[in-house]
Amino acid sequence: MLSLESLLASVRTYLPDADLSRIRKAYAYAMRKHINQKRKSGEPYVVHPIGVAVLLTQLKMDVASIAAGLLHDCVEDTDSTTEDVRIIFGPEVAFLVDGMTKLSHLPYRNRQEKQAENFRKMLLAMARDIRVVIIKLADRLDNMRTLGAMKPSAQDRIARETLDIHAPIANRLGIQWIKTEMEDLAFKHLNPTAFSNLAKEIEKADKPRKKFIAEVKTVLQKEMELANIPAKIQGRKKNLYGIFQKMQATSKRLDQVYDVVAFRIITDNVGHCYEALGRVHSMFTPVPGRFKDYVALPKQNGYQSLHTSVVWTQGKSARHLETQIRTEEMHRVAENGIAAHWVYKEGQPLSPKDERQYSWLRQLMEVQREVSDPSEFIESVKIDLFEDEVFVFTPQGEVKALPKGATPVDFAFSVHSEVGNHCSGAKVNGVIVPLKYRLNSGDTVEIITSVHQHPNKDWLKFVVTGRARAKINHYVRATERQRARTLARDLLERRLRKFKYSLPKLKKAGELDKAAKAFKLSGEDELLYQIGMGQISLEQVLLELVPEDKRVQPRSKDKPDKGGILARLSHPNKMKVQGIDNVMVRLAGCCNPVPGDRVVGFITRGRGVTVHVATCKKVLDADPERRIEVDWDDRSKTLYTVGLKVITDNKPGLLAEMSKCFSSNGLNITEATCRSQDPERATNTFKFQVANVDQIRKVIKHIQKIAGVYSVQRIQNG
């Protein structure tokens with residue numbers, strides 16, 4: 001545990017004249033409040049807030065941030081209140097602590113809703129003061145460093161959330177060292193076998209790699225000196241998760257991945273950056289298509305560097321060198337991102353220039369206002385946090401940064417909501433293209449609009465930004481609700497007419513609102529919507545609107561309503577739908593859910609409830625209003641067919657070893673195929689029957705331990 005004096009000494013290295021009394025007071029307060037608490041590892045709990053404070057000093061954060069780091073768990077885990085913190089430490093520290101405090105005392109239907117609402121709260125706080133999220137990242141990194149003490153299920157959940165949300169946020173804020181450490185720690189817990197195997201492989205090649213790095217550094221340093229370019233040369237191996245991702249994407253072995261090592265040339269000004277680039281290209285052969293100029297076109301997180309890949313030929317061998325060239329200031333921002341800007345440490349509002357640089361935060365705020373469904377919100381956040389970007393131009397020459405794979409529709413919504421809402425066509429580089437065209441860096445995009453054009457549900461199949469998806473969904477839902485109400489009005493009017501009743505008169509008398517209350521709905525509009533969507537039958541509503549003595553059913557050619565979605569039919573997949581057994585359900589073929597998977601139901605007209613895995617893209621794209629809570633019935637003994645895709649070395653005996661894994665776990669393989677990709681690699685596909693998701697996890701772990709197995713993935717596309 002770091003002592004108070006050591007912590008203060010760290011702060012003095014970059015804030016020599018600061019008043020550190022609040023840090024002293026916060027350290028003592030945290031020690032007192034957490035005195036009887038222990039972590040899962042058995043350590044005193046206060047080790048964690050002190051660890052968070054240490055990370056904040058490494059980011060050179062201000063006194064208020066470090067005090068908040070020490071106090072961040074006091075309100076959530078002790079008897080302290082936000083008001084106590086405000087009185088003792090002032091409103092600034094209290095605001096930062098409140099922004100960090102989870103919404104743990106409010107009722108939530110499920111963990112995903114809780115995660116989404118916690119993230120919403122953090123977004124609102126960080127929009128006012130970016131320090132909130134920097135403290136949150138330090139909190140998460142310190143927790144990840146001690147994740148091994150948690151239960152395996154908690155390790156898996158926290159590591160997945162870190163990889164999906166927190167590491168991309170660190171990347172968006174430009175704090176690269178936090179991003180890479182989070183990724184490696186998450187990788188270690190999510191895929192321990194692959195992590196261990198890759199670490200051993202890299203360690204084996206460490207000695208020749210160090211020799212190679214030293215040799216290249218010497219060559220580059222001499223060349224820079226000859227050109228009178230002041231420069232520091234660095235050579236480093238990439239983080240394990242980054243290497244693993246590259247291997248997965250290209251289906252290559254470690255010795256086939258050429259950019260495991262990266263070199264960095266750090267100089268004093270932009271002019272020397274471009275001179276150094278010219279020297280590198282004159283010494284080595286540039287790889288076509290691998291040059292990126294992030295100096296002229298910085299990334300949205302402020303990152304600036306020149307990137308190039310070159311080939312160094314030595315005799316009969318050729319080595320690829322990935323090189324980054326930047327100034328000292330660019331390097332500082334590349335490592336610490338937004339924390340490198342003094343203005344944020346002072347808690348000042350963003351300048352217009354920085355507002356543009358962090359426009360992604362404003363867009364996330366817009367998405368959180370428009371998306372009410374937790375799973376849809378989290379998916380939108382993940383999309384908008386992806387690091388790969390394309391840079392395109394408006395006809396006026398303004399640069400727009402969009403996620404890789406963005407389309408003209410994404411571009412239109414990034415310009416303005418109304419441009420997106422009325423987008424009828426697009427020109428790219430002066431040529432008309434389809435709306436689903438994937439934009440490339442350098443494209444000039446012109447949007448054609450029409451007052452008669454409106455968002456189309458089919459656009460959801462190809463847009464990639466959370467903003468576009470949220471706007472389209474909002475319009476589609478509003479339109480569907482209106483259509484449902486119009487349909488319900490028409491149906492209800494016709495049925496009431498047969499009983500000599502008038503819908504307008506019942507409405508004027510307030511009878512529709514009374515009927516809505518009987519169904520625990522907010523009012524007439526919601527009642528009509530539920531009727532139009534088939535969630536409440538006409539017969540049920542007529543019972544509320546027509547007095548019993550006048551309910552003589554007239555002869556009618558109309559087919560009777562079958563009772564809506566709550567018609568009870570037995571089904572072998574025994575599910576519980578909002579607490580009701582034996583609802584008509586079917587399992588979605590797109591994601592093949594099995595007991596133990598987190599699932600969600602989707603109401604389909606005339607076919608009851610379709611059950612999807614909660615993260616299935618189809619259900620995430622669908623209308624949240626038609627989603628319903630479902631759960632597995634533990635009494636069910638049904639077997640489910642699922643699939644695994646296994647990438648292995650192409651060598652004899654592996655198929656037999658994998659087959660043993662299934663039989664030793666009591667699982668029956670119904671289908672197996674093996675296909676060679678190349679002389680080194682093979683793709684194996686197995687279909688087998690399970691009773692629950694735990695059986696899938698066990699067999700995956702067993703297969704991962706086999707030497708020669710590269711990756712194991714569950715197939716969820718039918």
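The model is predicted: local features need pLDDT of at least 70, side-chain atom pairs count only at pLDDT 80 or more, and totals for chains, interfaces and linings use all residues. Residues are numbered from 1 along each chain as its sequence is written, and side-chain values use heavy atoms, with hydrogens and water left out. The protein has 30 helices and 22 strands; helices (H or I, at least four residues) and strands (E, at least two) are DSSP runs, numbered from the N terminus.

**Overall figures**

- Of the 718 residues in the protein, 51% are buried; buried means under 20% relative accessible area, exposed over 50%, and partly exposed in between, with a 1.4 Å probe and protein chains only.
- The accessible surface comes to about 35,100 Å², and 51% of that surface belongs to carbon and sulfur atoms. Accessible areas come from the Shrake-Rupley method with a 1.4 Å probe, and for residues only the protein chains shown count as cover.
- Among contacts between residues at least 6 apart in sequence, 66% join residues at least 24 apart; contact means heavy atoms within 4.5 Å.

- Two packed helices are described by the angle between their axes and the distance between the axes. Axes are lines fitted to C-alpha atoms, for helices over the stretch in contact, and angles run from 0 to 180 degrees between N-to-C directions.
- The axes of helix 7 (residues 91–100) and helix 9 (residues 131–145) cross at roughly 55° and come within 9 Å. Helix 7 is therefore oblique to helix 9; angles under 35 degrees count as roughly parallel, over 145 as roughly antiparallel, 65 to 115 as roughly perpendicular and the rest as oblique.
- The crossing of helix 7 and helix 9 is right-handed; a crossing is left-handed if the near helix is turned anticlockwise from the far one by less than a right angle, and right-handed if clockwise.
- On the helix 7 side, this contact is made by Glu92, Phe95, Leu96, Gly99 and Met100, and on the helix 9 side by Arg131, Val132, Ile135, Lys136 and Asp139.
- Helix 4 (residues 63–71) packs with helix 7 at an angle of about 50°, their axes being 9 Å apart. That angle makes helix 4 oblique to helix 7, and their crossing is right-handed.
- Ala64, Ser65, Ala67, Ala68 and Leu71 of helix 4 meet Glu92, Val93, Leu96 and Val97 of helix 7.
- Asp139 lies in helix 9 and counts as buried because its relative accessibility is 5%. Not counting residues up to four places away in sequence, Asp139 touches His48, Val52, His72 and Met100.

**Strand 5 and its partners**

- Strand 5 (residues 306–314) is largely enclosed by the rest of the structure, because seven of its nine residues are buried.
- Strand 5 pairs with strand 6 (residues 317–327) in the antiparallel sense over nine bridges; two strands pair if DSSP finds at least two bridges between them. Trp312 stands opposite Arg319 in strand 6.
- Strands 5 and 6 form a hairpin with two residues between them, and Gly315 in the turn has a positive phi of about 65°.
- Strand 3 (residues 285–286) runs antiparallel to strand 5 and is joined to it by two bridges, with Val310 as the bridge partner of Pro286.
- Strand 4 (residues 292–293) is also antiparallel to strand 5 and joined to it by two bridges, with Leu306 as the bridge partner of Asp293.

- Three strands form an open antiparallel sheet in the order 10-9-11. The edge strands, strand 10 (431–433) and strand 11 (445–449), each pair on one side only.
- Neighbouring strands of this sheet are turned by 35° against each other on average, direction ignored.
- Helix 21 (residues 408–415) packs on the sheet and touches strands 9, 10 and 11; its direction makes about 80° with that of strand 11.
- Strand 9 (residues 423–428) pairs with strand 10 over three bridges, and Val428 stands opposite Val431 in strand 10.

**Two further residues**

- Lys514 is in helix 25 (residues 511–518) and counts as exposed because its relative accessibility is 51%.
- Gln704 is in helix 30 (residues 693–704) and is buried, with a relative accessible area of 15%. Gln704 touches Asn191, Thr193, Val709 and Val712, not counting residues up to four places away in sequence.
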